[in-house]
Amino acid sequence: LGKPVIAARTPAIAEILTDGVDSILFPVGNTGGLVDGVRALMRDPARRRRMSYAARATVRLRGFFWDENARRTLEHLERLTGDARRSFHPERVEGPS
């Protein structure tokens, strides 16, 4: 089951989430909005459940999966570094003195 999101309405977040559908978005810096969002979902289990399912659907639709994002990140880093896995030797890395 997904989880409804309560987040500040930044441009990046607003591109992904839909206020009132899969999330409760509040103005940046408005801590009262965060508190109100938490309280609203605590008081309304049916809304919390609907938003949870909608959040899960958003993740699936948009392709936000940890394993997929990790794979894409690794591919991108390999393109940038010429496959860093072959040239990285953790045993040669010195820790703080």
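What percentage of the 97 residues of the chain count as buried? In this predicted model, the share is 21%.

**Figure 1. Overall fold of the chain.** The chain contains 5 helices and 2 strands, and its elements follow the order β-α-β-α-α-α-α from the N terminus. The accessible surface amounts to about 7400 Å², with 58% of that area belonging to carbon and sulfur atoms. Of the contacts between residues at least 6 apart in sequence, 41% join residues at least 24 apart.

Figure 2. The side chain of Asp-22 instead reaches the backbone nitrogen of Thr-18 at 2.8 Å and makes a polar contact of 2.5 Å with the side chain of Thr-58. Beyond its neighbours within four places in sequence, Asp-22 is in contact with several residues, among them Pro-4, Val-5, Met-51 and Ala-54.

**Figure 3. Salt bridge between Arg-9 and Asp-19.** The structure holds 2 salt bridges. In the one shown here, the side chains of Arg-9 and Asp-19 meet at 3.3 Å, N to O. The pair links distant parts of the chain, 10 residues apart: Arg-9 belongs to the loop between strand S1 (5-8) and H1, and Asp-19 to the loop between H1 and S2. Arg-9 is partly exposed, with a relative accessible area of 37%, and Asp-19 is partly exposed at 40%.

**Figure 4. Salt bridge between Arg-71 and Glu-75.** The closest N and O atoms of this pair are 2.4 Å apart. Both residues lie in helix H4 (residues 66-81), and because they are 4 residues apart, about one helical turn separates Arg-71 from Glu-75. Arg-71 counts as partly exposed at 37% relative accessibility, as does Glu-75 at 33%.

**Figure 5. Nonpolar surface patch formed by Leu-34, Val-38 and Met-42.** Together, these three residues present about 270 Å² of accessible area. Val-38 is located in helix H2 (residues 31-43) and, at 33% relative accessibility, counts as partly exposed.

Notes: Residues are numbered from 1 along each chain as its sequence is written. This is a predicted model: local features need pLDDT of at least 70, side-chain atom pairs count only at pLDDT 80 or more; totals for chains, interfaces and linings use all residues. Side-chain values use heavy atoms; hydrogens and water are left out. Buried means under 20% relative accessible area, exposed over 50%, partly exposed in between (1.4 Å probe, protein chains only). Contact means heavy atoms within 4.5 Å. Accessible areas come from the Shrake-Rupley method with a 1.4 Å probe; for residues, only the protein chains shown count as cover. A polar contact is a pair of N or O atoms within 3.5 Å; within protein, one must be able to donate a hydrogen and the other to accept it, and residues adjacent in sequence count only if both atoms are side-chain atoms. Patches are made of residues with over 30% relative accessible area and no salt bridge: like charges are joined within 9 Å, nonpolar side chains (Val, Leu, Ile, Met, Phe, Trp, Tyr) within 5 Å. A salt bridge is a side-chain nitrogen of Lys or Arg within 4 Å of a carboxyl oxygen of Asp or Glu.
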